[in-house]
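User: I'm new to this structure and would like to go through it slowly. Could you show it to me first?

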Amino acid sequence: PPASQNNEQGSTLRDLLTTTAGKLRLGSTDAGIAFAPVYSTGTASGKGGRTMPNILDDIIASVVENKIPPNRAPKINVKSEIKDEPKDDRKCIQDDCSKLYSDIQYSWICDKHVLWLRDHKNSNNWKLFKECWKQGRPVLVSGMHKKMNFSLWKAESISLDFGNQQADILNCKDSIISNTNVKEFWDGFEDVSKRQKIKNGETALLKLKDWPSGEDFKAMMPARSEDLLKSLPLPEYCSPEGKLNLASHLPGFFVRPDLGPRLCSAYGVAATKDHDIGTTNLHIEVSDVVNILVYVGIAKGNGVLSKSGVLKKFEEEDLDDLLRKRLKDSSELPGALWHIYAGKDADKIREFLQKIAKEQGLEVLPEHDPIRDQSWYVNKKLRQRLLEEYGVKTCTVIQFLGDAIILPAGALHQV
């Protein structure tokens, strides 16, 4: 029925699904909604039989698959997906995928927590991605820069085209934001001598945060926006027109989150004395995110670590053996260090950070959330304590030039 006639309709997708879930009946033809119920054969409480699966996952899957217009109720299509769905996703992920997806080049890193798709051109990547994504695991796709026009993304090119723009620049050391000319940021991107100094004479660690973003990005940088969108990994999921991109199929009455694209640029910490800070503090995104490293600058000037020094800093991290091996490949250029945590660990991490704040004599206000406020970069010492005291293991990923990191909504991360 029209939105105005449906009193039970919620304001979010989850509300809408939960209020209509009760109307779904096996074989029913009078649900009067634009969702086709999907049933599968499974077990509940150890007993065999037909069960209603996860409403959010399976009903949405049906909407996306059938592309049902929101203004027309379809014929109810009851079907079993037993042939498509493995009985045990986790077992498939860890044991059987080598047989099922032998045509895909991939590896598992971080104790099989992160899927690494090594050939971005393989048109079947999405099939394995689907199995991994069901479990809320991050995915790394390498080589995306090979599809892009590299000259568009050089620091000097962006500075030349947009240096006269004004933008907010964050000093990551003291969290002070200033509105200044973008050219000042880009002038110091690869030349440390041109970077701003802070009170004690140290070099500022600056970040050009989310500039430009969303519609501004498309309007200001049309060529770059087009280059990015045509080069996205797993287009079935990541492209705005992807058939499995849920956001592109939402009815018009939903308020959608800002899906970008947005450009995030920052100086590296290699030129700073303090390596216990990051350019992106620990936080959670409200939507799924794909982050592509389109350019890695090689800084020059006094105090900058040599290439071997930078590699040594990376090697001091708790790295997967495959990532250590990748670091030794001189043809690849590492640019960013990520620490990722599963969403289920958020409460433990929040409690841990509040505990550390009290130890440091900081005031812990009940209305303040250390994750929401993005007030912490969890350094190596704290990551070790988090593991020992709360059993929360850090997933450490090095992002090389051209790597796309795809994170599910709710995953905690810092860079």
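Analyst: Helix 12 and helix 13 cross in a right-handed way, meaning that the near helix is turned clockwise from the far one by less than a right angle. Helices (H or I, at least four residues) and strands (E, at least two) are DSSP runs, numbered from the N terminus. This is a predicted model, in which local features need pLDDT of at least 70 and side-chain atom pairs count only at pLDDT 80 or more, while totals for chains, interfaces and linings use all residues. Residues are numbered from 1 along each chain as its sequence is written, and side-chain values use heavy atoms, with hydrogens and water left out.

User: Which residues of helix 12 and helix 13 make the contact?

Analyst: Helix 12 contributes K348, I349, E351, F352, K355, I356 and E359, and helix 13 contributes L382, R385, L386, E389 and Y390, where contact means heavy atoms within 4.5 Å.

User: Switching topic, which residues are buried in helix 8?

Analyst: In helix 8, which covers residues 222–230, R224, S225, D227 and L228 are buried, that is, under 20% relative accessible area with a 1.4 Å probe, protein chains only. These buried residues fall within an arc of 165° seen down the helix axis, so they line one face of helix 8; the arc is that of the directions from the helix axis to the C-beta atoms.

User: And what do they pack against?

Analyst: They pack against helix 5 (155–162), helix 7 (214–220) and strand 11 (289–292).

User: What about the sheet, in what order do its 4 strands come?

Analyst: The order is 7-6-8-9 in an open sheet with antiparallel pairing, two strands being paired if DSSP finds at least two bridges between them. Strand 7 (176–181) and strand 9 (265–266) are the edges, each pairing on one side only.

Technical notes. Buried means under 20% relative accessible area, exposed over 50%, partly exposed in between (1.4 Å probe, protein chains only).
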